[in-house]
Amino acid sequence: MKVINIILLAIPFIVLLFGITLYNRSSPSLGGFPFFYWFQMLWIFLTALFTSIVYLNERKENGDKHVQ
């Protein structure tokens, strides 16, 4: 489970940092926004989703213990 969590946290980092050649363009546009902008906005939501999955995995793995 730890490997999956690490991969899920690394995907947004790798795509946004090293994948600039993928999204450094203006077409196709979505709702009048160039590809560069809506692709980054999409990754904000995907990163939140991946982080939530990792959080739930860690919580399940640790037996749902609360730190006090």
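My notes below go from the annotated spans to the helix pair and then to the core.

**Entry 1: the annotated spans.** I kept in mind that this is a predicted model. I looked up the UniProt record, an unreviewed entry, and found "transmembrane region" given for residues 7-23 and 35-56. I then checked each span in the model. Residues 7-23 are 94% helix and 0% strand, with their end C-alpha atoms 21 Å apart. For residues 35-56 I got 100% helix, 0% strand and 31 Å between the end C-alpha atoms.

Entry 2: How do helix 1 and helix 3 run, roughly parallel or roughly antiparallel? I found that their axes come within 9 Å and cross at roughly 165°. That angle is over 145 degrees, so helix 1 is roughly antiparallel to helix 3. I also noted that the crossing is left-handed. I listed who meets whom: the helix 1 side includes Lys2, Asn5, Leu8 and Pro12, and the helix 3 side includes Trp43, Thr47, Phe50 and Glu61.

**Entry 3: the core.** Which residues make up the largest nonpolar core? I counted 8: Leu8, Val15, Tyr23, Phe35, Phe39, Trp43, Phe50 and Val54. The largest share, 5 residues, comes from helix 3.

**Entry 4: a closer look at Phe50.** I picked Phe50 from that core and left aside its neighbours within four places in sequence. Phe50 is then in contact with Leu8, Ile11, Pro12 and Trp43. Leu8 and Trp43 are also on my core list.

Key. Residues numbered from 1 in each chain as written. Predicted model: local features only at pLDDT ≥ 70, side-chain atom pairs only at ≥ 80, totals over all residues. Heavy atoms only, no water. Core = buried A, V, L, I, M, F, W, Y, C linked by side-chain atoms within 4.5 Å. Buried < 20%, exposed > 50% of the residue type's maximum accessible area, 1.4 Å probe, protein only. Helix = DSSP H or I, 4+ residues; strand = E, 2+ residues; numbered from the N terminus. Contact = heavy atoms within 4.5 Å. UniProt positions renumbered as here; feature names shortened; annotations may be inferred. Axes fitted to C-alpha atoms, helices over the stretch in contact; angles between N-to-C directions. Parallel < 35°, antiparallel > 145°, perpendicular 65-115°, else oblique. Left-handed = near helix turned anticlockwise from the far one by under 90°.
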